[in-house]
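Subject: Structure handover

Hello,

Here is the structure we talked about.

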Amino acid sequence: MCGIIGIVGKEQVADRLVDGLRRMEYRGYDSAGVCTVEGGQLIRRRAEGKLGNLVIELARNPAQGLIGIAHTRWATHGAPTTSNAHPHATEQVALVHNGIIENFKPLREALTARGRKFESETDTEVVAHLVSEQVEAGLSPQDAVKAVLPQLRGAFALAIAFRAHDDMLIGARLGSPLVVGYGEGETYLGSDALALAPLTQRITYLEEGDWVVITREGAQIFDTDNNEVTRPIVASGATAAAIEKGNYRHFMQKEIFEQPVVVAQTLRSYLRRVEQTVALPQIDFDLASINRVTIVACGTSFYAAMVAKYWFEQFARLPVDIDVASEFRYRDPVLEEGGLSLFISQSGETADTLAALRHCKAAGQTIAVVVNVPTSTMAREADLLLPTHAGPEIGVASTKAFTCQLAVLAALAAHLAVKRGRMNRAEEAAIVEHLVEVPAALNAALAHDEEIAAMAHLIAPARDVLYLGRGADYPLALEGALKLKEISYIHAEGYASGEMKHGPIALIDELVPVIVLAPSGPLFEKTVSNMQEVRARGGKVVLISDAEGIAEAGEGCLATIEMPKVHPLIAPLVYAVPVQLLAYHVAVAKGTDVDQPRNLAKSVTVE
Ligand code: F6R
């Protein structure tokens, strides 16, 4: 989603602002802009499309100044045009905004009635006018912002520059993250620590409702009640290297290949290898007393939740409700007194998931989160933080975060099973051993990269692709279909193998490839029957299975991809690799923008 950067500097800022925007490109955007303050003027440059267009515009019309704000916009209100691009400005102020001003309509009507003229269709522009009105009435920038913030409903992170002040910017956050960075004689604002990585490692995460005045000397932070507050300065740990592609062609490819390392890293903090036990962070809550757990997430993280449901029920005999966050909170869910609600999110900022979390918290639930960004809002609002250690995920399509989520959820399933007396020491030790094997199994799966690349041309011309899976591999079929549609724009659907004959089979013909995920095991025969139903209707099957499965059912398939033979518990982690690689190579074959697919944003901070 939108990215914000602001610099109050001692050197020219335009190039550095654009650099900061480049580091946030991964969030997804469709226009960009900068505004500097120099000689009592606001100098604004904007362009639709990729950052390259803004760079061209700045080369034609440079923006001088030691202070400025910049933004990448992911369109919500209004098309992705130059006039809707941020910064939005009046004579007096320019500002950039991430989030949504929900009450922008009445505000805009009132402003229009007071004679203000709007240039854009955005919700953001109302804030520029509101602040401007106060400044024109003689208020200081601080008092102007103080007067306007209580009028805004919705979610926002704002960075505001003032024509008459070339020594300060004001930032504010409610619902969307904003960080302050401290340099040598410079101070920064950014949507996240990554945006500021080459500028500084000294960061303050603003809290909900905070607003901040930054100058070259530092920052003055105020809370919702306008009391000056102190927030800790922490080392961000975000390095510029973490957001570089290295020898890989795309971030997504790099992140797929990082999985053995980051999953091992994640598992290391949940497994005690010597004792062969699962260890979770301490929590002031008796996990043994839970009767039911509610898991809520969006997109790929929701598919991790689906896998977890199989595991929690099978190993811990614990009933699990799952739902996508956007549906969950509006269906008035029944939450058991004193129950546990679990939220899964790479970013820890997804607006729907965060809203669901707050709904559960207000209903008295204990809140556990599996998140990849430990400084995120969800991490901070949780009672039990279960971090994944995937490192920054830049590719818009989630890959390594997903397998790391599965690693944590498998450990949690075993822990719950032990706590509930459903797993004895020997069984727990066996689970630990299986989990320890995951990184090697991921490496074995990755070894099929070239073979999968070579078969991409079989899938690339398809208009529709179906994915089938059973049990805990059914969510993997959904995940495979999601990956393919996200980055290659091919229509793809995932189905439970047994559901095929209840409708989707009508779609089968020789032009619709069917990707079957079927490790050998007790359910294999049933899946093979479903595969035969497809083949009997001229369907072309790509079978992803282990050597045993391929020996039994591989004949006559369009292609086969051999996975290592693994315990069913770890199969979903391993089978994630071929579906990620297949989507990746098909997208490369089609020449789409793999890391920044059209219309998608990395962290969806609007509902
Ligand atoms: C798919 C993808 C999205 C995210 C979803 C949730 O590749 O990346 O579906 O999984 O937007 O995001 P998080 O996990 O950050 O809450």
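This is a predicted model: local features need pLDDT of at least 70, side-chain atom pairs count only at pLDDT 80 or more; totals for chains, interfaces and linings use all residues.

Residues are numbered from 1 along each chain as its sequence is written, and side-chain values use heavy atoms, with hydrogens and water left out.

Annotated spans

UniProt, in an unreviewed entry, lists "domain: Glutamine amidotransferase type-2" at residues 2–217. That span is 23% helix and 35% strand, with its end C-alpha atoms 27 Å apart. Helices (H or I, at least four residues) and strands (E, at least two) are DSSP runs, numbered from the N terminus. The feature "domain: SIS", also from an unreviewed UniProt entry, is placed at residues 283–422 and 455–597. Residues 455–597 are 41% helix and 20% strand, and the end C-alpha atoms lie 22 Å apart. UniProt positions are given in the numbering used here, feature names are shortened, and annotations may be inferred rather than shown by experiment.

Helix α1

Helix α1 (residues 14–23) is largely enclosed by the rest of the structure, because seven of its ten residues are buried. Buried means under 20% relative accessible area, exposed over 50%, and partly exposed in between (1.4 Å probe, protein chains only). The buried residues of α1 are Ala14, Arg16, Leu17, Val18, Gly20, Leu21 and Arg23. Their cover includes β1 (3–8), β2 (31–38), α2 (51–60), β4 (67–73) and β10 (187–190).

Leu287

Leu287 sits in the loop between β17 (277–278) and β18 (293–297). Its relative accessibility is 5%, so Leu287 counts as buried. Not counting residues up to four places away in sequence, Leu287 touches Leu280, Leu340, His415, Leu416 and Lys419; contact means heavy atoms within 4.5 Å. Leu287 and Leu416 are 129 residues apart in sequence, yet 6.8 Å apart in space, C-alpha to C-alpha.

Pockets and cavities

On a 1 Å grid over the protein atoms alone, a cavity is a set of points where a 1.4 Å probe fits but cannot get out; a pocket is an open set with protein on both sides within 12 Å along at least five of seven lines, and lining residues have an atom within 4 Å of a point. Grid points are joined across faces, edges and corners, and a volume is the space filled by probe spheres set on the points.

The largest pocket holds about 700 Å³. Its lining has 38 residues, with Asp192, Leu194, Val373, Pro374 and Thr375 nearest its centre.

The second largest pocket holds about 540 Å³. It is lined by 27 residues, and Cys298, Gly299, Thr300, Lys602 and Val604 are the closest to its centre. Helix α8 gives the largest share of this lining, five residues. At least three residues come from each of domain 2 (245–436) and domain 3 (448–607); these bounds come from an automatic or database domain assignment.

There are two cavities of 30 Å³ or more. The largest cavity has about 70 Å³ of space, and Cys2, Arg73, Trp74, His86, His97 and Asp123 are among the residues lining it. Strand β6 (residues 93–101) gives the most to that lining, with three residues. The second largest cavity has about 40 Å³ of space, and its lining includes Arg292, Glu336, Leu340 and Gln365.

Regards
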